Structure formats: structure tokens, C-alpha cells
Amino acid sequence: DKIFPDFSMARVEFARKSCAILWLGGNQNRLRTDYIDNLLACLDEVERSDAKALVTTGKGKFFSNGIDLEWLKEQSSSEVAKFTSRFHRLLTRVLSFPIRTVAAINGHAAAGGAVLSLAHDYRVMQDGRGWLFLNEVDLGIMFTDGLTDLIKSKVPTPSIFRDFVVLGKRYGGSAAAGAG
């Protein structure tokens, strides 16, 4: 089925040659080093194409449920550093991508998945299809300076930043649009 392909890793599909669709995958699309490397390879493929826009989306209940914390806990400190570096590289790549980028948030975009959506030029999300939120505060996880800067650059006011980052407020489609 072309609309909802069955796969566990990300892949690119081209619609009418001018739009690249980056399918995040099938399940919760949790971020790990190998998955980020897969996303970076997909971005390479899009950049080599004639696409004029990139739409990133998932399928089912999740856009991305963020970093795979259970996997991350099992990694050595050097692997955690490698993962963090790759994650920052992915965000930088999306932020500076040479064509317009749109995160079509099909479901929950939690934590690192929410940050990935923020790295895009535009975000669209239908009400009732999930939440956009940063639950790091609930987990006691601190943002790196780079992630904080990215979020600040995309969140329009200090009060919304506080609600989103410090209080972990969850936003549906309309609420996110209203918040900017």
C-alpha cells in the first residue's frame, strides 16, 4: 500500500517528482543512532533529487515518540555522546535543509520527536490525532544548550516556552497553532 507502507525504518518516496515524503517508519519511531543514520541517508537522497519540498510524516499513532530511552540507558557513555552528536546533526540538517520542510504530524510527537518537528520550516497537525509535547521535565531530563536554543527560536513567547518546556504542556493541533 503506497499510502501506508509497511516498514520499520525511514524511507523516502517522491510524489510528482517535486515533493519528497520522508516516511518516519511504522511504529513509535523512537530515535536511536542507527535510526538517525537512516534518517540522514534519506535526507541525502532527497538533497540529490529535484524535489522542491520535503514532507516528513509517520503512520499510525506516532510521528515520533522521541528518544528510545530504554536503549539509551544500555549504552556506554561514548555511545551516548555519539547519539547526542548524531541527533544534533540531524536537527541541524533539517533546520538548514536547502528546500522547504514540513512536519506533517500524524500522531504523537513527544520529546525528541517534538524537537524534530520543530526543526522543520512548517508544522501541520490535525486535532484529535495526537499531542505535541516535551515530557523531559516529567522524566528529569535536561535539554542541551543547542536543543534549548532551537526550541526558543521556534516558540514565539516566553510564556509559551515556559508552558511547553518547563511545565510539559501538551498541545493538540488547534492549541499548537494558536500558540504559534
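**Figure 1. Aromatic pairs in the predicted model.** A search of the whole structure finds three aromatic pairs, where rings of Phe, Tyr and Trp (its six-membered ring) pair if their centres lie within 6.5 Å, and planes under 30 degrees apart count as stacked, over 60 as edge-to-face and the rest as tilted. Tryptophan 71 and phenylalanine 83 form an edge-to-face pair, at 5.8 Å centre to centre and with 65° between the planes. Tryptophan 71 belongs to helix α2 (residues 69-73) and phenylalanine 83 to helix α3, so this pair ties together parts that are twelve residues apart in sequence. Both tryptophan 71 and phenylalanine 83 are buried; buried means under 20% relative accessible area, exposed over 50%, and partly exposed in between (1.4 Å probe, protein chains only). Trp71, Phe83 and Phe87 form one aromatic cluster. Helices (H or I, at least four residues) and strands (E, at least two) are DSSP runs, numbered from the N terminus. The model is predicted: local features need pLDDT of at least 70, side-chain atom pairs count only at pLDDT 80 or more, and totals for chains, interfaces and linings use all residues. Residues are numbered from 1 along each chain as its sequence is written, and side-chain values use heavy atoms, with hydrogens and water left out.

Figure 2. Phenylalanine 164 counts as buried because its relative accessibility is 4%, and tyrosine 171 is buried with a relative accessible area of 5%. In helix α7 (residues 158-166), the buried residues are Ile160, Phe161, Asp163, Phe164 and Val165. These buried residues pack against α4 (112-118), β8 (132-133), α5 (136-139), α6 and α8 (173-179), with contact meaning heavy atoms within 4.5 Å. Arginine 162 also lies in helix α7, but is partly exposed, with a relative accessible area of 42%. The C-alpha atoms of arginine 162 and lysine 152 are 10.0 Å apart in space, while the two residues are ten residues apart in sequence. Just after α7, glycine 168 takes a positive phi of about 70°.

**Figure 3. Packing of helix α1 against helix α3.** Helix α1 (residues 33-48) packs with α3 at an angle of about 25°, and their axes are 10 Å apart. Axes are lines fitted to C-alpha atoms, for helices over the stretch in contact, and angles run from 0 to 180 degrees between N-to-C directions. The angle makes α1 roughly parallel to α3; angles under 35 degrees count as roughly parallel, over 145 as roughly antiparallel, 65 to 115 as roughly perpendicular and the rest as oblique. The crossing of α1 with α3 is left-handed, meaning that the near helix is turned anticlockwise from the far one by less than a right angle, whereas a right-handed crossing is clockwise. On α1 the contact is made by Thr33, Ile36, Asp37, Leu39, Leu40, Leu43, Asp44 and Glu47, and on α3 by Lys82, Phe83, Arg86, Phe87, Arg89, Leu90, Arg93 and Val94. The residues of this contact divide into eight nonpolar, one polar and seven charged. Here Ala, Val, Leu, Ile, Met, Phe, Trp, Tyr, Cys and Pro count as nonpolar, Asp, Glu, Lys and Arg as charged, and the others, Gly among them, as polar.

Figure 4. Glutamate 47 is found in helix α1 and counts as partly exposed at 41% relative accessibility. Not counting residues up to four places away in sequence, glutamate 47 touches Arg93, Phe97 and Pro98. Glutamate 47 and alanine 20 are 27 residues apart in sequence, with 9.6 Å in space from C-alpha to C-alpha.

**Figure 5. Packing of helix α3 against helix α6.** Helix α3 (residues 77-95) and helix α6 (residues 145-154) pack at an angle of about 30°, with axes 11 Å apart. That angle makes α3 roughly parallel to α6. The crossing of α3 and α6 is left-handed. Phe87, His88, Leu91 and Leu95 in α3 meet Leu147, Leu150 and Lys154 in α6. Five nonpolar residues, one polar and one charged make up the contact of α3 with α6.

Figure 6. Most residues other than glycine have a negative phi. Arginine 16, although not a glycine, has a positive phi of about 55°. This arginine 16 is placed in the loop between β1 (11-15) and β2 (19-23) and counts as exposed at 81% relative accessibility. Alanine 111, also not a glycine, has a positive phi of about 50°. Alanine 111 is found in the loop between β6 (108-110) and α4, and counts as buried at 10% relative accessibility.
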